[in-house]
Amino acid sequence: MTAIKHALQRDIFTPNDERLLSIVNVCKAGKKKRNCFLCATVTTERPVQVNVIKVKKSDKGDFYKRQTAWALRDLAVVDAKDAVKESPEFDLHFDKVYKWVASSTVEKNTFISCIWKLNQRYLRKKIDFINVSSQLLEESVPSGENQSVAGGDEEAVDEYQELNAREEQDIEIMMEGCEYAIANAEAFAEKLSRELQVLDGANIQSIMASEKQVNILMKLLDEALKEVDQIELKLSSYEEMLQSVKEQMDQISESNHLIHLSNTNTVKLLSEIEFLVNHMDLAKGHVKALQEGDLTSSRGIEACTNAADALLQCMNVALRPGHDMLHAVKQQQQRFSDLREQFARRLASHLNSVFVQQGHDQSSTLAQHSAELTLPNHHPFHRDLLRYAKLMEWLKNTDYGKYEGLTKNYMDYLSRLYEREIKDFFEVAKIKMTGTTREGKKFATLPRKESAVKQETESLHGSSGKLTGSTSSLNKLSVQSSGNRRSQSSSLLDMGNMSASDLDVADRTKFDKIFEQVLSELEPLCLAEQDFISKFFKLQQHQSTSGTTTNEVEEVDGVALSRSYTSSVPQTVSSEKDMIRQMMTKIFRCIEPELNNLIALGDKIDSFNSLYMLVKMSHHVWTAQNVDPASFLSTTLGNVLVTVKRNFDKCISNQMKQMDEVKISKKSKVGILPFVAEFEEFAALAESIFKNAERRGDLDKAYIKLIRAVFDSVEKVANESQKTPRDVVMMENFHHIFATLSRLKISCLEAEKKEAKQKYTDHLQSYVIYSLGQPLEKLNHFFEGVEARVAQGIREEEVSYQLAFNKQELRKVIKEYPGKEVKKGLDNLYKKVDKHLCEEENLLQVVWHSMQDEFIRQYKHFEGLIARCYPGSGITMEFTIQDILDYCSSIAQSH
């Protein structure tokens with residue numbers, strides 16, 4: 001330890017002008033043993049500063065470094081833990097308590113002793129030393145390291161004492177009187193010695209002269225002592241006289257204490273009685289209201305509500321310790337319990353009767369809505385019941401059993417009532433959709449084919465809401481023998497129910513309005529009932545509670561739905577939000593099946609109705625999910641939306657299937673294929689329906705599937721066609737598709753529009769070349785031979801010297817094609833083209849103009865060969881380009 005002390009003094013404290021007085025090796029109590037040193041130091045400069053410094057060995061080497069320093073004046077308490085039993089533990093109280101464990105008890109005691117001596121020497125504020133042996137807190141400590149350190153400190157301090165101002169002034173005056181003091185120190189010292197002797201003599205004489213005064217002072221002291229003895233005798237007599245008075249005063253004091261104690265107890269007792277009276281006393285008016293209050297009038301309900309709140313406050317008062325042992329308190333609590341039970345029973349009975357009466361009242365109004373597509377308004381009933389909302393909250397807090405019973409009764413009564421109302425409502429909607437009366441009679445304005453819809457509706461109603469079969473809006477397509485588009489359209493779809501082409505825009509708009517009205521009536525009905533349930537039964541519908549409910553987003557058939565799942569369904573609902581959902585599900589359990597039946601009926605009437613239903617249902621689901629994704633309305637509409645989406649997909653699939661099964665007539669020309677016209681009708685209808693719709697993506701996917709099926713089916717029909725050339729079928733139908741896509745401007749079908757245009761252009765060119773062929777056949781054969789000779793290497797100027805291709809042979813061939821024969825051939829060609837093309841697409845003039853251009857191209861080719869191979873011969877065709885233009889124009893006008 002001595003070596004460490006010297007090392008610390010040399011390396012840490014000497015550079016800082018400090019002197020190390022004591023050191024102790026310690027570690028923190030209760031932690032990993034990481035040793036350090038606590039050092040008690042003083043500064044060498046004045047004023048002296050005393051510190052306690054924590055020194056720790058560096059982790060990077062063997063040298064020590066200062067870690068923390070505390071001023072000794074900040075030390076409040078030194079706790080040695082045990083003054084008798086030796087223990088290495090001790091605490092130092094600075095800004096907080098530092099707990100240390102010394103390496104040995106001796107080091108600990110030495111360090112504490114040093115702290116005590118430094119405190120005594122340098123600090124005005126005294127440190128509290130607790131649990132410290134008194135032997136350590138003495139001026140003289142047994143010989144040891146600390147004694148030597150402390151003694152050395154005292155010697156070091158006594159080596160030099162600074163002169164005060166008075167001493168400095170006296171020395172200066174003395175030195176001024178002895179100018180030679182600095183030059184001759186011995187003479188100066190000798191003079192000082194003589195003056196000191198003179199001063200000592202004067203002091204002795206002064207003492208001897210004051211002996212007389214000392215004697216006088218001693219005499220006065222003796223007299224004072226005598227006076228003191230006399231005073232003590234008088235005080236003793238006074239004390240004896242007051243002894244009896246003291247006993248009387250003690251008795252009076254004890255009596256006063258008992259009186260004060262009695263008063264205090266009386267005040268406390270009064271306070272307890274006032275507390276019980278103020279908090280456990282129910283007014284007679286409240287008692288009467290609870291027992292006999294009128295629960296039918298607003299004033300009576302308000303009085304009962306106030307009385308119920310007052311009763312609840314009395315029952316919930318926080319009693320002080322011991323109150324529950326009082327007999328009167330027990331009686332009052334029993335009285336409150338009886339009142340609560342009596343009023344809860346009376347309230348539950350009254351509300352049950354209100355529920356039953358409401359069911360009867362609402363049933364009487366159903367006849368008023370039997371012919372209207374509206375749902376009865378429950379607002380008056382809700383308004384009347386909301387007057388009892390506070391009483392329901394009181395019942396929920398005081399008697400949950402009766403509250404739960406009321407909840408079940410409400411759901412039972414209302415579910416039956418709503419079931420009647422909703423079924424009648426949907427019955428009216430189905431009648432308006434099909435145009436039939438409840439007796440099965442048709443309205444006079446409906447077409448004859450709707451008798452099939454009537455039969456389907458009746459079978460739908462008779463099968464417990466389930467459809468007994470599925471039919472499509474499209475059936476197998478058949479191309480009629482007539483080239484008339486109207487006859488094709490009339491036999492386009494042979495449906496079991498009703499043809500989509502038989503329903504005009506007005507009928508579909510009517511269906512759309514009916515379906516929208518159904519949803520618009522259901523939505524406020526559900527929202528109003530849900531809002532009423534949350535207010536009346538005091539359930540929080542927009543705040544999550546401590547239940548185990550989780551919301552997940554599920555995609556079914558491309559429909560994103562927000563669903564709620566619960567890890568378990570106990571008898572008591574895990575959260576108030578779940579309770580609202582369960583109540584709504586039970587009350588409106590008939591909505592989802594009725595909606596599905598209505599959707600199935602609409603799909604049977606016209607499969608294109610699924611487009612309207614998809615748009616409307618998607619919009620209402622989106623609106624409901626924005627309000628509350630986990631609500632009953634959102635979940636129910638989401639489930640129904642899945643059904644609508646499946647019907648939409650089935651409609652698309654059926655159209656594609658029927659395209660694939662199309663059969664064409666072998667005896668009549670094809671023209672515009674029916675499914676091409678149907679795609680135009682579907683696209684026009686869909687664009688008008690899905691304008692600004694939320695589910696545009698579903699339509700775009702359907703477009704892609706349908707257009708590819710149309711392309712494939714057109715190719716198939718063109719390949720199988722016998723009456724009409726393949727190029728004509730392809731040209732006319734792809735021209736129609738291109739015109740449709742250009743008019744509707746469907747962004748997702750831009751690539752298909754370009755493809756349709758390309759196919760139309762290619763097959764137009766192919767048909768023109770194939771149909772026109774070689775109108776000047778012999779002339780074509782002649783010039784083909786000329787081109788063959790040139791290809792063999794004969795120069796163009798030398799072709800005329802060939803025997804078979806001389807000028808004379810050329811003139812013979814040209815004479816065989818006068819203008820009259822050319823015009824006749826073109827007229828026959830026009831008639832042939834007219835037979836191939838259909839009137840609906842009106843491409844005859846386009847094709848004829850293309851043939852005219854092709855014929856002129858051939859004519860120019862022949863003239864070019866004559867000019868190059870027979871230069872200077874003067875040979876020309878017997879008709880000109882202008883003649884060709886005139887022939888073509890006159891032929892087109894004549895037909």
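How many residues join E2 to E3 in the hairpin? The hairpin between E2 and E3 runs through 6 residues. This is a predicted model, in which local features need pLDDT of at least 70, side-chain atom pairs count only at pLDDT 80 or more, and totals for chains, interfaces and linings use all residues. Residues are numbered from 1 along each chain as its sequence is written, and side-chain values use heavy atoms, with hydrogens and water left out. Helices (H or I, at least four residues) and strands (E, at least two) are DSSP runs numbered from the N terminus.

**Strand pairing**

- Two strands are taken to pair if DSSP finds at least two bridges between them.
- Strand E1 (residues 18–28) pairs with E2 in the antiparallel sense over 8 bridges, and Val-26 has Cys-36 in E2 as its bridge partner.
- Strand E3 (residues 50–57) runs antiparallel to E2, to which 6 bridges join it; Asn-51 in E3 is the bridge partner of Thr-41.
- E1 also pairs with strand E7 (residues 97–102), antiparallel and over 3 bridges, where Lys-28 has Trp-100 in E7 as its bridge partner.
- Strand E6 (residues 89–93) and E7 are paired in the antiparallel sense over 5 bridges, including the one in which Lys-99 of E7 is the partner of Asp-91.
- The hairpin formed by E6 and E7 has 3 residues between the two strands.

**Burial of strand E2**

- Strand E2 (residues 36–43) is mostly covered, as 8 of its 8 residues are buried (buried means under 20% relative accessible area, exposed over 50%, and partly exposed in between, with a 1.4 Å probe and protein chains only).
- Cys-36, Leu-38, Ala-40 and Val-42 point one way from E2, while Phe-37, Cys-39, Thr-41 and Thr-43 point the other way; all are buried.

**Surface patches**

- Patches are made of residues with over 30% relative accessible area and no salt bridge; like charges are joined within 9 Å, and nonpolar side chains (Val, Leu, Ile, Met, Phe, Trp, Tyr) within 5 Å.
- Accessible areas come from the Shrake-Rupley method with a 1.4 Å probe, and for residues only the protein chains shown count as cover.
- Val-214, Leu-217, Met-218 and Leu-221 make a nonpolar surface patch of about 370 Å². Val-214 belongs to helix H6 (residues 211–279) and is partly exposed, at a relative accessible area of 43%.
- A surface patch of negative charge gathers Glu-167, Glu-168, Glu-172 and Glu-176. Lys and Arg count as positive and Asp and Glu as negative, whereas His and the chain ends are not counted; the place of a charge is NZ of Lys, CZ of Arg, CG of Asp or CD of Glu.
- Glu-176 lies in helix H4 (residues 165–177) and is exposed, with a relative accessible area of 61%.

- Lys-81 is not a glycine, yet has a positive phi of about 75 degrees. Lys-81 is located in the loop between strand E5 (77–79) and E6 and is partly exposed, with a relative accessible area of 33%.
- Lys-745, likewise a residue other than glycine, has a positive phi near 55 degrees. Lys-745 is in the loop between helix H22 (726–744) and helix H23 (750–772) and is exposed, with a relative accessible area of 67%.

**Salt bridges**

- A salt bridge is a side-chain nitrogen of Lys or Arg within 4 Å of a carboxyl oxygen of Asp or Glu; by this rule the count comes to 30.
- Asp-512 and Lys-616 form a salt bridge through their side chains (3.9 Å, N to O). This pair links distant parts of the chain, 104 residues apart, with Asp-512 in helix H15 (residues 505–536) and Lys-616 in helix H18 (residues 609–627).
- Asp-512 is buried at 15% relative accessibility, whereas Lys-616 is partly exposed at 24%.
- In the salt bridge of Arg-857 with Glu-854, the closest N and O atoms are 2.6 Å apart. Both residues lie in helix H27 (residues 844–869), 3 residues apart, or about one turn of the helix.
- Arg-857 is partly exposed, with a relative accessible area of 47%, while Glu-854 is buried at 11%.
- The side chains of Arg-10 and Asp-11 meet at 3.2 Å, N to O, in a salt bridge.
- Glu-341, Arg-345, Asp-399 and Lys-402 are connected in a salt-bridge network.
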